[in-house]
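Open the model in your viewer and keep the selection panel at hand. We will go from the whole chain to single side chains.

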Amino acid sequence: MTKTIKVEYMARVEGEASLSLDVEGGELKGLTLDIYEPPRFFQGFLVGRKYDEVPDIVARICGICPAAHELTAIQALETAMGVQVSQQVKDLRRMLALAQDIQSHALHIYMLALPDFLGYESAIAMATDYGEAVQRALRLKKLGNDFTELIGGRAVHPVTAVVGGFTHIPAPAELHAIGQRLEAAMDDAMATAALVGSLTLPDFVRGGIEHVALRHPEQYPVNEGRMISNLGLDIGPAEYRAHIREWQFPPSHALWSTIIGRSCFTVGPLARLNLNLDRLSPKAREALELTGHQFPDYNPFASIVARAVELVQFIDDSLALIRRYEGRPEEVVHQVRAGTGAAFSEAPRGILYHSYTVNAQGIVEAADIVSPTAHNAHSMEHDLREYAPTILHLPEPEIALKCEMMIRNYDPCFSCSAHFLKLKLNRSGS
Amino acid sequence: MTVVVGCGNLFCADDGAGVLAVRQVPETEGVRVIEAGCPGLGLLDLLAGARRAVLVDAVLSGAPPGTLHRFGPGALPVRESLPLSLHGVNLIDALALGRLVAPETMPPEIIILGIEIADRTPGGGLSPAVAVALPQLVAGIQRELEQPRGHVSRHALR
């Protein structure tokens with residue numbers, strides 16, 4: 001007999017969020033965005049572990065961005081132990097990160113953001129009317145997945161990247177086959193830019209906003225660069241803690257990032273594009289023009305446009321790296337030595353920071369991880385504080401939806417077990 | 001081919017039970033075992049082309065911790081709204097989307113083996129009831145794999 005059981009499937013434990021608005025006489029009196037950040041727990045978990053266990057552990061912090069955590073940890077550990085790597089290793093790492101970026105952006109645009117802008121409750125509801133668009137997303141996703149698996153050895157938690165290099169590298173012919181698929185995928189990426197350009201975005205810009213992204217001397221930033229901003233920040237990884245501080249604002253449990261002496265800041269695709277417009281490839285510039293948008297743009301709802309432009313940039317970048325790849329066998333050799341090292345990278349959702357102190361035996365004595373969501377949390381709340389008063393006249397479900405849309409712009413690394421925002425609207429005197 | 005997919009976060013106490021269980025299942029001819037962790041929509045790529053899939057995951061249904069569940073995708077609740085981020089995409093969304101847009105790549109037979117969990121604190125270990133039930137979960141996976149090929153369980157037909 002078939003037994004029907006009611007199963008409340010749990011969301012994966014990658015964090016939780018709740019938003020509470022206090023409204024009195026039609027005016028917003030208070031707003032609390034409470035988020036929960038798992039990376040904090042991993043920091044303590046890493047202390048006492050050997051350095052070579054770290055990449056695999058941090059890859060499990062996040063099911064969506066395993067490669068970003070892994071590569072950033074490896075680079076920080078190499079800085080700590082004074083390990084140098086070849087240009088080929090840097091290129092393979094960049095490709096691994098780009099493979100993940102392509103998947104993440106394709107899924108964000110089609111599965112998360114487009115349903116909002118086109119007025120569907122979910123990607124599944126949208127798929128009936130936009131079947132071809134959803135297929136496009138799945139093709140891009142599959143390509144990013146196969147690209148990740150070829151370099152990382154596994155699609156889910158890549159395993160080949162280690163301190164000092166790679167335990168296995170692909171044959172040039174295998175990468176060229178991916179290259180051919182990437183060339184074919186360019187049409188899908190350009191079609192994405194055109195579709196995104198046709199959307200009407202809510203008009204909202206918060207005054208005085210600080211956008212922060214990495215900046216590389218030649219490339220569009222992925223795994224390397226200095227952290228810069230539109231308000232003059234310009235620091236290397238070793239200077240991070242002298243400039244970025246975290247504060248806790250009760251009742252929220254999260255630690256929120258602030259630039260010392262200033263305020264909150266925004267990281268992510270929009271900040272990255274705004275601060276690196278001159279690093280776009282000709283094809284990506286073509287995509288930008290196709291969208292019809294003007295950049296720099298500080299409207300958080302334009303993040304979907306930035307992602308579409310970046311999708312073209314990431315494919316183009318991957319193709320350039322594949323063309324020059326030789327597949328030269330290299331041994332992974334390095335010394336273990338005591339030291340402290342930090343690194344940051346541009347994960348799909350913005351700057352990710354890792355720092356480690358290891359002793360002479362290679363045992364981790366201190367770990368510091370700040371995810372893009374931790375960088376953005378304070379900024380998300382500021383956006384909501386300014387945005388919410390403009391929509392308070394709407395019915396309650398509409399307010400919740402608009403606030404959710406604002407949060408989805410950031411695609412934060414938290415998801416509550418109830419699957420959607422737990423919105424608590426306390427109305428009085430109205 | 002049959003794929004056995006362990007889902008969950010290994011470093012969040014009982015949430016990793018599905019991954020721990022599939023680790024004890026050896027790969028044999030025609031059986032691929034995958035420690036998927038939290039793959040989101042990546043699940044679709046892991047299932048693509050398989051004839052049969054056994055998904056092993058943590059479940060919260062109000063039953064006592066350690067209770068084992070066996071059900072087909074039809075028993076999963078329907079989710080109507082969007083998650084807040086891609087991190088919120090779970091097995092329900094992935095299977096629903098796969099059935100809708102890529103049905104030809106989905107395994108004709110999907111069985112979900114769940115284990116009721118108690119604790120999902122990051123950094124924690126398995127709670128006693130889940131640790132005790134884990135060998136039974138592993139035995140349950142083995143039983144699925146021992147079924148003759150072509151046998152479609154009635155649970156999975158829904």
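The tour below starts with the fold and then turns to aromatic rings.

This is a predicted model. Begin with chain A as a cartoon: it has 13 helices and 13 strands. Of its 430 residues, 62% count as buried. The accessible area is about 15800 Å², and carbon and sulfur atoms hold 52% of it. Among contacts in chain A with a separation of 6 or more, 71% join residues 24 or more positions apart.

Now show the aromatic side chains. Over all chains, the structure holds six aromatic pairs.

Select A:Tyr120 and A:Tyr130. Their rings are edge-to-face, 6.0 Å centre to centre, with 85 degrees between the planes. A:Tyr120 is in the loop between helix H4 (87-118) and helix H5 (123-129), while A:Tyr130 is in the loop between H5 and helix H6 (131-152).

Next, select A:Tyr220 and A:Phe314. The ring centres are 6.3 Å apart and the planes stand at 65 degrees; over 60 counts as edge-to-face, so this pair is edge-to-face. A:Tyr220 lies in the loop between strands E5 (212-215) and E6 (226-229), and A:Phe314 in helix H11 (residues 303-324), so the pair ties together parts 94 residues apart in sequence. A:Tyr220 is buried at 1% relative accessibility. A:Phe314 is buried too, with a relative accessible area of 1%.

Move to A:Phe204, A:Phe301 and A:Tyr387. These form one aromatic cluster.

Last stop: A:Arg49 and A:Phe45. Where does the charged end of A:Arg49 sit? Over the ring of A:Phe45, 4.7 Å from its centre.

Methods:
Residues are numbered from 1 along each chain as its sequence is written. Chains are lettered from A and ligands numbered from 1 in the order in which they are written. This is a predicted model: local features need pLDDT of at least 70, side-chain atom pairs count only at pLDDT 80 or more; totals for chains, interfaces and linings use all residues. Side-chain values use heavy atoms; hydrogens and water are left out. Helices (H or I, at least four residues) and strands (E, at least two) are DSSP runs, numbered from the N terminus. Buried means under 20% relative accessible area, exposed over 50%, partly exposed in between (1.4 Å probe, protein chains only). Contact means heavy atoms within 4.5 Å. Accessible areas come from the Shrake-Rupley method with a 1.4 Å probe; for residues, only the protein chains shown count as cover. Rings of Phe, Tyr and Trp (its six-membered ring) pair if their centres lie within 6.5 Å; planes under 30 degrees apart count as stacked, over 60 as edge-to-face and the rest as tilted. A charge sits over a ring if NZ of Lys or CZ of Arg is within 6 Å of the ring centre and within 35 degrees of the ring normal.
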